[in-house]
Amino acid sequence: LRYHPALPHVDDDGVRTVHPAMLAQVLGDDRKPVTLHRTWLTPDGQKAALKTAKKLMTPTRKMRNVAIRLGAPDHGWLGVAEGIETALAAGAKHRIPVWSCCSAGMLQTFRPPPEVTLLCIFGDNDRSFTGQAAAYELARAVTNLGVECRVMIPETTGDDWASKVEEDRAERGSP
């Protein structure tokens, strides 16, 4: 992950503004860059109140089996999630490296590298069932490849692992 202090943003209406941003390289299964993920932020690090605060740049090739690699697999264990914040939260809570696949659609096309023997899939609990369906579709495909899988979905409808970690902090009274 990288930080840019003043990245230009063009709204869908053509309005141009400048904001701090988090940048992340999206890599293919060959570990080569496919695109750049940008998340515009407020000066204090929250997601900016923009109509589209997250954008992918035009990819250099097909967006299949891609991820933002937030650490190397640990003794064959790897987790995957949709968004960056969700991946970071799930990784911190469960103490394993978790990669972001950027979206539910890209999550279900992900295939782990050969060194992965256990894949933990941190699905979102969407009202539309999009996150859950993507997580279980990935689990089905990867299990058929001989990789052990665990699908973990927060209990509360509408939650992802980032909101679950925030909820846990609030219950403990931690900042």
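This report describes the fold of one predicted chain, from its overall build to a few single residues.

Because the model is predicted, local features need pLDDT of at least 70 and side-chain atom pairs count only at pLDDT 80 or more, while totals for chains, interfaces and linings use all residues. Residues are numbered from 1 along each chain as its sequence is written, and side-chain values use heavy atoms, with hydrogens and water left out.

**Overall build**

The chain has four helices and eight strands; helices (H or I, at least four residues) and strands (E, at least two) are DSSP runs, numbered from the N terminus. Read from the N terminus, the order of elements is β-β-β-β-β-α-β-α-β-α-β-α. The C-alpha trace spans about 50 × 45 × 30 Å along its principal axes. For 175 residues, a compact globule would have a radius of gyration near 16 Å, and the chain agrees, with 16 Å. That radius is taken over C-alpha atoms, and the globule rule is 2.2 Å times the number of residues to the power 0.38.

Of the 175 residues, 43% count as buried. Buried means under 20% relative accessible area, exposed means over 50%, and partly exposed lies in between (1.4 Å probe, protein chains only). The accessible surface comes to about 9,600 Å², and 52% of this belongs to carbon and sulfur atoms; the areas come from the Shrake-Rupley method with a 1.4 Å probe, and for residues only the protein chains shown count as cover. Among contacts (heavy atoms within 4.5 Å) between residues at least 6 apart in sequence, 54% join residues at least 24 apart.

**The antiparallel sheet**

Strands of a sheet pair through backbone hydrogen bonds, either parallel or antiparallel. Here, two strands are said to pair if DSSP finds at least two bridges between them. Axes are lines fitted to C-alpha atoms, for helices over the stretch in contact, and angles run from 0 to 180 degrees between N-to-C directions.

S1 and S2 (residues 16-27) are joined in the antiparallel sense over seven bridges, and proline 8 stands opposite valine 18 in S2.

**The parallel sheet**

A second open sheet of four strands has the order S6-S5-S7-S8, with parallel pairing. Strands S6 (98-100) and S8 (148-152) are the edges, each pairing on one side only. The twist averages 25° from one strand to the next.

Helix H1 (residues 84-94) packs on this sheet too, touching S5 (77-81), S6, S7 and S8, and its direction makes about 175° with that of S6. The buried residues of H1 are Ile84, Thr86, Ala87, Ala89, Ala90 and Gly91. Just after H1, arginine 95 takes a positive phi of about 60°.

S7 (residues 118-122) and S8 run parallel and are joined by five bridges. Within this pair, leucine 118 has glutamate 148 of S8 as its bridge partner, and cysteine 120 stands opposite arginine 150. Helix H3 (residues 130-144) lies across S5, S7 and S8 and runs at about 170° to S8. S7, H3 and S8 make a right-handed β-α-β unit; a crossover is right-handed if, with the strands pointing away from the viewer, the path from the first strand over the helix to the second runs clockwise.

**Two single residues**

The table sets out the accessibility of two side chains.

| Residue | State | Relative accessible area |
|---|---|---|
| Glutamine 132 | buried | 5% |
| Lysine 51 | exposed | 67% |

Glutamine 132 has its place in helix H3. Leaving aside neighbours within four places in sequence, glutamine 132 is in contact with Asp124, Asn125, Asp126 and Ile153.

Lysine 51 is found in the loop between S3 (33-40) and S4 (54-56). With neighbours within four places again left aside, lysine 51 is in contact with Asp11 and Asp12. The C-alpha atoms of lysine 51 and aspartate 11 are separated by 7.3 Å, although the two are 40 residues apart along the chain.
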